[in-house]
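Subject: A structure for you to look at

Hi there,

Here is the structure I said I would pass on. Please open it first, and then read my notes below alongside it.

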Amino acid sequence: MLPPPIHSLAVIVSAIVGMIIGGAWYSPALFGNDWMKLSGITPQRAKAAQKKGMGKSYALTFLGTIIMAFILSAIVKWVDAQTFGQGAAVAFWLWIGLILPVHLNSVLWEGKSWKLYWINVMYYLVTLIIMGGILASWG
């Protein structure tokens with residue numbers, strides 16, 4: 001089954017918005033310090049990564065975000081969501097059914113903390129809801 005026609009500009013804008021949300025979410029102003037501590041990322045390791053250059057990491061993250069926006073756009077089209085609220089609702093249910101259970105493994109099997117789990121999954125909730133809203137309303 002081929003995906004329905006996709007609004008390419010909406011997908012790109014949604015991905016850019018997702019990256020902006022990620023930049024803010026994981027910044028020191030919001031959850032960045034806790035995320036680094038809980039992830040075992042030391043300031044020295046962060047500085048070494050910055051010196052090495054993080055362009056490839058950001059590019060791959062953006063590619064992943066584009067893919068997420070594209071697939072979300074197809075699902076939004078398949079269910080015929082046409083308003084921001086309907087797109088946000090689709091995204092919410094996908095978050096409940098896919099993101100929450102998949103990330104649960106980080107706590108259950110990798111020994112990550114519940115706090116880190118909630119930092120990460122709530123980022124996806126906010127991002128997916130906004131992306132879903134954009135994708136549905138831009139139709």
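Helices (H or I, at least four residues) and strands (E, at least two) are DSSP runs, numbered from the N terminus. Please keep in mind that this is a predicted model, in which local features need pLDDT of at least 70 and side-chain atom pairs count only at pLDDT 80 or more, while totals for chains, interfaces and linings use all residues. Residues are numbered from 1 along each chain as its sequence is written, and side-chain values use heavy atoms, with hydrogens and water left out.

Let me begin with the overall picture. The chain has 6 helices and 0 strands, so its pattern along the sequence reads α-α-α-α-α-α. Its C-alpha atoms fill a box of roughly 45 × 30 × 30 Å along the principal axes. Of its 139 residues, 31% count as buried (under 20% relative accessible area, with exposed meaning over 50% and partly exposed in between, for a 1.4 Å probe and protein chains only). Among contacts (heavy atoms within 4.5 Å) with a separation of 6 or more, 77% join residues 24 or more positions apart. The accessible surface (Shrake-Rupley method, 1.4 Å probe; for residues, only the protein chains shown count as cover) is about 8,400 Å², and 70% of that belongs to carbon and sulfur atoms.

Next, the pockets. On a 1 Å grid over the protein atoms alone, a pocket is an open set of points with protein on both sides within 12 Å along at least five of seven lines, whereas a cavity is a set where a 1.4 Å probe fits but cannot get out; lining residues have an atom within 4 Å of a point. Grid points are joined across faces, edges and corners, and a volume is the space filled by probe spheres set on the points.

The largest pocket has a volume of about 1,100 Å³. Its lining has 33 residues, and Tyr26, Trp35, Met54, Tyr58 and Thr61 lie nearest its centre. Helices H1 (8–25), H2 (32–39), H3 (43–52), H4 (55–78), H5 (84–108) and H6 each give two or more residues to this lining, with H4 giving the most, 6 residues. By class, the lining divides into 15 nonpolar, 15 polar and 3 charged residues (nonpolar: Ala, Val, Leu, Ile, Met, Phe, Trp, Tyr, Cys and Pro; charged: Asp, Glu, Lys and Arg; polar: the others, Gly among them).

The second largest pocket holds about 150 Å³. H4 and H5 each supply at least two residues of its lining, and H5 gives the most, with 5. Among the lining residues are Met68, Trp95 and Leu128. This lining has 10 nonpolar, no polar and no charged residues.

Finally, some helices to look at one by one. H4 has 24 residues and reaches 35 Å from first C-alpha to last, close to the 34 Å expected at 1.5 Å a residue (1.5 Å times one less than the number of residues). Its buried residues are Thr65, Ala69, Leu72, Ser73, Ala74 and Val76, and they pack against H1, H5 and H6. After H4 comes Asp80, with a positive phi near 60 degrees. H3, by contrast, is hardly covered, with 0 buried among its 10 residues; Gly53 follows H3 with a positive phi near 105 degrees. H6 (residues 114–138) has 25 residues and should therefore span 36 Å, which agrees with the 36 Å between its end C-alpha atoms. Just after H6, Gly139 has a positive phi of about 35 degrees.

Best wishes
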